[in-house]
Amino acid sequence: MKVTTKGQVTIPVNIREKLGITPDTEVDFMQEGDRIVIVKRKDATTASRKFKKLRGIATVKMTTDEIMALTREV
C-alpha cells in the first residue's frame, strides 16, 4: 500500500469490516517501537451519535416549509 502525497492510505475493506470502521469513525495512530498501529477510538462520539437521542422529540407544530421560511427571513 502506498501513502499518497497528502499522507493518506486506504484501509483494506476486510480490516474495516473486522474492526467496524465505517465512514466518520474516529481512529488513533499509536507508535509501538518502529511500528505504527491504527486503533478504533473507543470514546469516539460522532455528530450522528450525539444527535441520535434528540431525533423525534421536536414539539413544534409547523410544516417543514414553514420552518424553512423562518430560516430564510432577513
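1. In this predicted model, glutamate 26 is partly exposed, having a relative accessible area of 29%. Its side chain meets that of arginine 41 in a salt bridge, with an N to O distance of 2.6 Å. The pair links distant parts of the chain, 15 residues apart: glutamate 26 belongs to the loop between H1 and S1, and arginine 41 to the loop between S2 and H2.

2. Arginine 41, also partly exposed at 29% relative accessible area, forms a salt bridge with aspartate 28, where the closest N and O atoms are 2.5 Å apart. Aspartate 28 lies in strand S1 and arginine 41 in the loop between S2 and H2, so this pair ties together parts that are 13 residues apart in sequence. Aspartate 28 counts as partly exposed, at 27% relative accessibility. Through shared partners, Glu26, Asp28 and Arg41 are joined into one network. The count of salt bridges is 2.

3. Strands S1 (residues 27–32) and S2 (residues 35–40) pair in the antiparallel sense over 6 bridges. Glutamine 31 has isoleucine 36 in S2 as its bridge partner. The two strands form a hairpin with 2 residues between them, and glycine 33 in the turn has a positive phi of about 65°.

4. The largest pocket holds about 210 Å³ of space. Its lining includes Met1, Pro12, Arg16, Phe29 and Ile38. Helix H1 (13–19) and S1 each contribute at least two lining residues.

5. A nonpolar surface patch consists of Val60, Met62, Ile67 and Leu70, which together have about 340 Å² of accessible area. Valine 60 sits in the loop between helix H2 (47–52) and helix H3 (64–72); valine 60 is exposed, at 52% relative accessible area.

Terms used
Residues are numbered from 1 along each chain as its sequence is written. This is a predicted model: local features need pLDDT of at least 70, side-chain atom pairs count only at pLDDT 80 or more; totals for chains, interfaces and linings use all residues. Side-chain values use heavy atoms; hydrogens and water are left out. Two strands pair if DSSP finds at least two bridges between them. Helices (H or I, at least four residues) and strands (E, at least two) are DSSP runs, numbered from the N terminus. Patches are made of residues with over 30% relative accessible area and no salt bridge: like charges are joined within 9 Å, nonpolar side chains (Val, Leu, Ile, Met, Phe, Trp, Tyr) within 5 Å. Accessible areas come from the Shrake-Rupley method with a 1.4 Å probe; for residues, only the protein chains shown count as cover. A salt bridge is a side-chain nitrogen of Lys or Arg within 4 Å of a carboxyl oxygen of Asp or Glu. Buried means under 20% relative accessible area, exposed over 50%, partly exposed in between (1.4 Å probe, protein chains only). On a 1 Å grid over the protein atoms alone, a cavity is a set of points where a 1.4 Å probe fits but cannot get out, and a pocket is an open set with protein on both sides within 12 Å along at least five of seven lines; lining residues have an atom within 4 Å of a point. Grid points are joined across faces, edges and corners, and a volume is the space filled by probe spheres set on the points.
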